[in-house]
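The points are grouped by topic.

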Amino acid sequence: HGDLRGRVLDEVVEGHAETRCVERLLHRIWNEVLVAPLRLQVLPVVRGNRAGLVANGRSVLATKVREALTALSPALRKDRAGRGLVLLLIDAEEDCAATIGPDLRTRVRATAGNIDATCVLAVRMLENWFKAAAASLAGVNELPADLTTPDDPEAGSGDTWLKEQFKRVRRNRTYKKTTDAPEFAKAMDLAECHRNSRSFRQLCKELGARVPAPDPG
């Protein structure tokens, strides 16, 4: 029965912000944006250095994907009806996501073998998704109460932008990835982010492609 199957997801990510907030963000997309009828289980993330992950001719990416597969296997054995997914989620930084994304996706899938795998790059950085939903974060964790969403939230550094916004309220306040990012992932308006960020829409699209069609019976 399709409504009883679960989706087990393991991610390879690069940084502190991703490690702390990605599980919350993925669950919110699954339940609020996709309204998926299936249970989503997100396993602890596998972290890797970005330079090593994107470099051709090095084994870092394959090693990290294999770590994710090792963590995924027991969960899939426990839930025989479940289906697994390995997600590589990293910042594009100065690279063009449309250029390096397909190659990374191919490499991830080659290592994952018969386990579903994909790759999503946040344009510039994950913090730009918070910029894309900035109006909904006004007043959250000491951000300014008059916060508005920039016209082009994917341009520039979201990390730097957040630091600038905090300093408007308190000069010595700075952006703290490990504590602020999870709160922003909890409070942000996903619909606003979806409207304003192409790379966030890509993440939603990749997850949405893993929601099976309703059982006609």
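The face of helix α9 turned away from its buried side carries Arg198 and Lys205, which are exposed (exposed means over 50% relative accessible area, buried under 20% and partly exposed in between, with a 1.4 Å probe and protein chains only). Helices (H or I, at least four residues) and strands (E, at least two) are DSSP runs numbered from the N terminus. The model is predicted, so local features need pLDDT of at least 70 and side-chain atom pairs count only at pLDDT 80 or more, while totals for chains, interfaces and linings use all residues. Residues are numbered from 1 along each chain as its sequence is written, and side-chain values use heavy atoms, with hydrogens and water left out.

**Helix α9**

- Helix α9 spans residues 198-208, and its buried residues are Ser199, Phe200, Leu203, Cys204, Glu206 and Leu207.
- These buried residues fall within an arc of 160 degrees when seen down the axis of α9, so they line one face of the helix (the arc is that of the directions from the helix axis to the C-beta atoms).

**Leu34 and its contacts**

- Leu34 is in the loop between α1 and β2 (39-42), and is partly exposed at a relative accessible area of 23%.
- Not counting residues up to four places away in sequence, Leu34 touches Ile29, Cys204, Leu207, Gly208 and Val211 (contact means heavy atoms within 4.5 Å).
- Leu34 and Arg201 are 167 residues apart along the chain, and their C-alpha atoms are separated by 12 Å.

**Arg28**

- Arg28 belongs to helix α1 (residues 16-33) and is buried, with a relative accessible area of 14%.
- Leaving aside neighbours within four places in sequence, the contacts of Arg28 are Val33, Ala185, Lys186, Ala187, Met188 and Leu190.

**Helix α6**

- Helix α6 (residues 158-169) has 12 residues and reaches 17 Å from its first C-alpha to its last, close to the 16 Å expected at 1.5 Å a residue (the expected span is 1.5 Å times one less than the number of residues).
- Gly158, Asp159, Trp161, Leu162, Gln165 and Phe166 are the buried residues of α6.
- Viewed down the axis of α6, its buried residues fall within an arc of 160 degrees, so they line one face of the helix.
- The buried residues of α6 pack against α5 (127-132) and α7 (177-187).
- At the start of α6, a side-chain oxygen of Ser157 comes to within 3.4 Å of the backbone nitrogen of Asp159.

**Strands β4 and β5**

- Strand β4 (residues 83-91) pairs with β5 in the parallel sense over seven bridges (two strands pair if DSSP finds at least two bridges between them).
- The chain crosses from β4 through helix α4 (residues 97-112) to β5 in a right-handed β-α-β crossover (right-handed if, with the strands pointing away from the viewer, the path from the first strand over the helix to the second runs clockwise).
- Leu121 in β5 is the bridge partner of Ile90.
- Strand β5 (residues 116-122) is largely enclosed by the rest of the structure, because six of its seven residues are buried.

**Positive phi in loops**

- Arg124, in the loop between β5 and α5, has a positive phi of about 65 degrees although it is not a glycine.
- Arg124 is partly exposed, with a relative accessible area of 23%.
- Asn141 is not a glycine either, and has a positive phi of about 50 degrees.
- Asn141 lies in the loop between α5 and α6, and counts as partly exposed at 27% relative accessibility.

Definitions and conventions. Polar contact = N/O pair within 3.5 Å; in protein donor to acceptor, adjacent residues only side chain to side chain.
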